[in-house]
There are 2 protein chains.
Amino acid sequence: MNKKTTIYDIAQALNITVSTVSRALSGFPAISEATKKAVTETAKRLNYSPNKLASALKSGKTHTVGVIVPSVQAQFFASIIHCIEDGLKEYGYRIIIYQSNESVDNEINGVRTLLEAQVDGIIASMSLETVNVAHFEEIINQNKPLILFDRVHDALNVPTITLNDFEAGYAATQHLIEMGYKRIAFITTVHQIKIFNNRLRGYKAALADLQLPVLEEHIIYGGLSVVDGELGAEKLLQMNNQPDAIVAGDDFTALGVVNKLKEAGKTPPEVGVIGFANEVFSEYITPNLSTIDQHPAQMGKECAKMFLNMIKQENFYQNVEHIVLNPTVIGRQSTRKI
Amino acid sequence: MNKKTTIYDIAQALNITVSTVSRALSGFPAISEATKKAVTETAKRLNYSPNKLASALKSGKTHTVGVIVPSVQAQFFASIIHCIEDGLKEYGYRIIIYQSNESVDNEINGVRTLLEAQVDGIIASMSLETVNVAHFEEIINQNKPLILFDRVHDALNVPTITLNDFEAGYAATQHLIEMGYKRIAFITTVHQIKIFNNRLRGYKAALADLQLPVLEEHIIYGGLSVVDGELGAEKLLQMNNQPDAIVAGDDFTALGVVNKLKEAGKTPPEVGVIGFANEVFSEYITPNLSTIDQHPAQMGKECAKMFLNMIKQENFYQNVEHIVLNPTVIGRQSTRKI
C-alpha cells in the first residue's frame, strides 16, 4: 500500500506508455501540451516523488543507456543486465546491449555504435583483451557518464563496482579448510587477468594464514571450461602428493573436475570441490556444487543507482565513487566432508 | 587453406580495424582516400569475394542491426544472438540488443529506440504479450528489413524462421513410446501461446497415431519453472492412473519433475522424463535429461543469412521466405527405459 509512485503508475492511470510519460516529464517537443498537462497533474495527484521528477526533467535526451558486456551467454552478465534494467526502468530509462565477445576491436565498435545511437551514458565491463582504453575516454570527452563494473581499468578515473576477488579466493580456500581438507589445489587461467590473479593471491593468503603450505605444483594454469577442469583434475590425480580438495576457477571448470573425480572413484565430497559464480546448473548437478556467490544482482542494482546519482550532478566525474562487493560462500554437497 | 577471405583478413593485413575496412568498402566520407585505396587493393590481392564487396557497397548506412528478444537470460535466445552476430560480422555488421522482458510496452520502446539509433534493420522474437503489431509495421513503413524468428505473427508479411513445434511435441512423445512408456503425461503453460499449443497438438497426435489414449487428466496446465515442474509431478503422482512418463514444457520444468520423482523414489528412467530446449544444465544433472534440440545456432545463422539476402534486394518484402527448422530428440538417461 505504501509503495512509491513510479512513472508506471502514471502511465497506467492515463492509459499511455511509460515512454510517453517519461518524455512528457522531460519536456520533449514531440509530446502535445495536453498530454504534458495530464501527466504533470497525474504525477501530482499520485504524489509522484518530486526528486524523481526533478531528476527526470534534468537528465539526458534519449533516455537510453548503453551496456557493454563480454557476452550475454554468461549467466553472471545476463543477471547484471537484468538488474541494471530493473533499476533504471522506473526512471524511464531503457537499455541497449552490446557484446564485445572478448575482443577489443568489437569493444571499440561498441562504444562508437552506442555513442552514435545517442545513448545518455554507458555502463561497461571490459573485454579480456582490453589494455588501451582510449575508446572509453571518448565517452568521458563527450561529457557522458561512464561506469565500469567487474572488469575495470585503473587508468580510467570513473566510478566502478567490483567484487573483492582476493576475498573470493580467500573465502573459497578457507571454506575447504574449515570443512577439514588439508591439501588444496587451485585450477586457474594462464591469462594475466587482474580478477583471477587476485583470487589466486587470496588462495595463497588463506593457506598461509591457516598454516598450510603453498605448493606450486598444486596450482594448475590452463583454460576455464568443462574440458579444462577434466584435464586439470587428471593432472592432479597423477601426482604423488594428491590434493584432497580443489578450488576451480569457475563453475564450468569445477564441473569438469567433478566428472573426472567421479570417473576415478573419488566422488566429491571425498575430494572437495568448489567453483566460482553460482551458475544455474551448479545447484542441480550431483553432488551439487559449492561455489562463490558473486552477487550479480547487487552489482546490477549498484550500477543503476550509480548512473542515476551521476546524472544529477553538474560534473559527472568530480566525486568518483568505487563500490566493492564482498563475495559469499555457498556450501553444498561437494565440500561437505564433515 | 581454402578458407574464403573475409574483411577480418583485410583488416589484419593492413593492421586496421574491421570497422574501418567495412566503412572504407562502403565509401564512408570519414575514411581517408589513402585508406580506401589500401583497402580496395588489399581486397583484390587477397581475392576478397566481389559478391561480398558488392553487397557491402550497396547496403545500409550504420552497419548496425537491432535484435529484440524477450530475454538474454534464456540460453536459447543467447545462443541465437551469438549466431546472428557471427553470421553478420564478416560483412561488417554489428548488432545491438534490446530485451522486451515479455512486455509489449517494452517491445514498443525497443522498436523506437532501435529506429532512433538508425539501425539498418531489425531481427526480432516477440514478447508473450504482443497481440497488436503496429510497432513492427513501423519498421516496414520506414522501408527497413524486419525478420521475425521463433515467436512470429501471421499478421506481418515478413520473412520468418521458426521451429516446427508440432513436430517437437510429436517427437518427444514418440521417443517416450519407443522407449517402452505407455501412459504419458504432458505439463504445459496455461497461456494460449502458439508454440506451446502446437507442441500439445503434436503430443496428442503422436499418442493417437501410436494407438494410445489421450487422457485430459494427464495434461497439466500451469507455469513453466522448476517449482511448476515439482507441482505438476506431485499432482500426477497423486492420481490413481499414474503416468509412467512425463513430457515437460521446458528443461527447467523437467528438472522440477526429476526432483519430485527422486523424492518419491521413482527416479528416472523408472518414470521417463523429457524436456525442451537443451539448456546447459540438462546434460550435467543426474540422471542426465533427455530433451529436444531446438537448433538455436541454426536459427541464428538463418536469421543472419536472411538479412544479408534481403539487403541485396530492391524491394525487401517482394519475395517473403519462411524457413521452418525441424527439432531433434536428444535421448539421455532420463528416458532410457529399455
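Me: How big is the largest cavity, by volume?
Reply: Its volume is about 170 Å³, where a cavity is a set of points, on a 1 Å grid over the protein atoms alone, at which a 1.4 Å probe fits but cannot get out, and the volume is the space filled by probe spheres set on those points, which are joined across faces, edges and corners. Keep in mind that this is a predicted model, in which local features need pLDDT of at least 70 and side-chain atom pairs count only at pLDDT 80 or more, while totals for chains, interfaces and linings use all residues. Residues are numbered from 1 along each chain as its sequence is written, chains are lettered from A and ligands numbered from 1 in the order in which they are written, and side-chain values use heavy atoms, with hydrogens and water left out.

Me: And how many cavities does the search find in the whole structure?
Reply: Four cavities of 30 Å³ or more turn up when the whole structure is searched.

Me: Back to the largest one, which residues lie nearest its centre?
Reply: Val18(A), Gly92(A), Tyr93(A), Arg94(A) and Asn109(B) lie nearest the centre, out of 18 lining residues, a lining residue being one with an atom within 4 Å of a cavity point. The elements that give two or more residues to this lining are α2 (18–25), α5 (75–89) and β2 (94–99) of chain A, together with α6 (104–116) of chain B. Helices here are DSSP runs of H or I with at least four residues and strands are runs of E with at least two, both numbered from the N terminus.

Me: Which element gives the most?
Reply: That is α2(A), which gives four residues to the lining of the largest cavity.

Me: Is α2(A) mostly covered or open?
Reply: Mostly covered, since eight of its eight residues are buried, among them Val18(A), Arg23(A) and Leu25(A); buried is under 20% relative accessible area, exposed is over 50% and partly exposed lies in between, with a 1.4 Å probe and protein chains only.

Me: What is the lining of the largest cavity like by class?
Reply: It has six nonpolar, seven polar and five charged residues, with Ala, Val, Leu, Ile, Met, Phe, Trp, Tyr, Cys and Pro counted as nonpolar, Asp, Glu, Lys and Arg as charged, and the others, Gly among them, as polar.

Me: You mentioned α5(A); what about Gln75(A), is that residue buried or exposed?
Reply: Gln75(A), which is found in helix α5 of chain A, is buried because its relative accessible area is 18%.

Me: And what does Gln75(A) contact beyond its sequence neighbours?
Reply: Leaving aside neighbours within four places in sequence, Gln75(A) is in contact with Glu279(A), Val280(A) and Gln73(B), contact meaning heavy atoms within 4.5 Å. Gln75(A) and Glu279(A) are 204 residues apart in sequence, yet their C-alpha atoms are 6.3 Å apart in space.

Me: Switching to sheets, what is the strand order in the open sheet of chain A?
Reply: The order of its four strands is β7-β6-β8-β9, with parallel pairing, and two strands pair if DSSP finds at least two bridges between them. The edge strands, each of which pairs on one side only, are β7 (219–222) and β9 (272–274) of chain A. Neighbouring strands are turned by 15° against each other on average, direction ignored.

Me: Where do β6 and β8 of chain A join up, and what packs on them?
Reply: Four bridges join β6 (residues 184–189) to β8 (residues 245–248) in chain A, running parallel, and Ala185(A) has Ile246(A) as its bridge partner in β8(A). Helix α9 (residues 194–209) of chain A packs on this sheet, touching β6 and β7 of chain A, and its direction makes about 170° with that of β6(A). Helix α10 (residues 226–237) of chain A also packs there, touching β6, β7 and β8 of chain A at about 145° to the direction of β6(A). Axes are lines fitted to C-alpha atoms, for helices over the stretch in contact, and angles run from 0 to 180 degrees between N-to-C directions.

Me: What about β3(A), which strands does that one join?
Reply: Strand β3 (residues 121–124) of chain A points Gly121(A) and Ile123(A) one way and Ile122(A) and Ala124(A) the other, and all are buried. Four bridges join β1 (residues 64–69) of chain A to β3(A), in parallel, and three join β3(A) to β4 (residues 146–149) of chain A, also in parallel. Ile123(A) stands opposite Val67(A) and has Ile147(A) as its bridge partner in β4(A).

Technical notes:
On a 1 Å grid over the protein atoms alone, a cavity is a set of points where a 1.4 Å probe fits but cannot get out, and a pocket is an open set with protein on both sides within 12 Å along at least five of seven lines; lining residues have an atom within 4 Å of a point.
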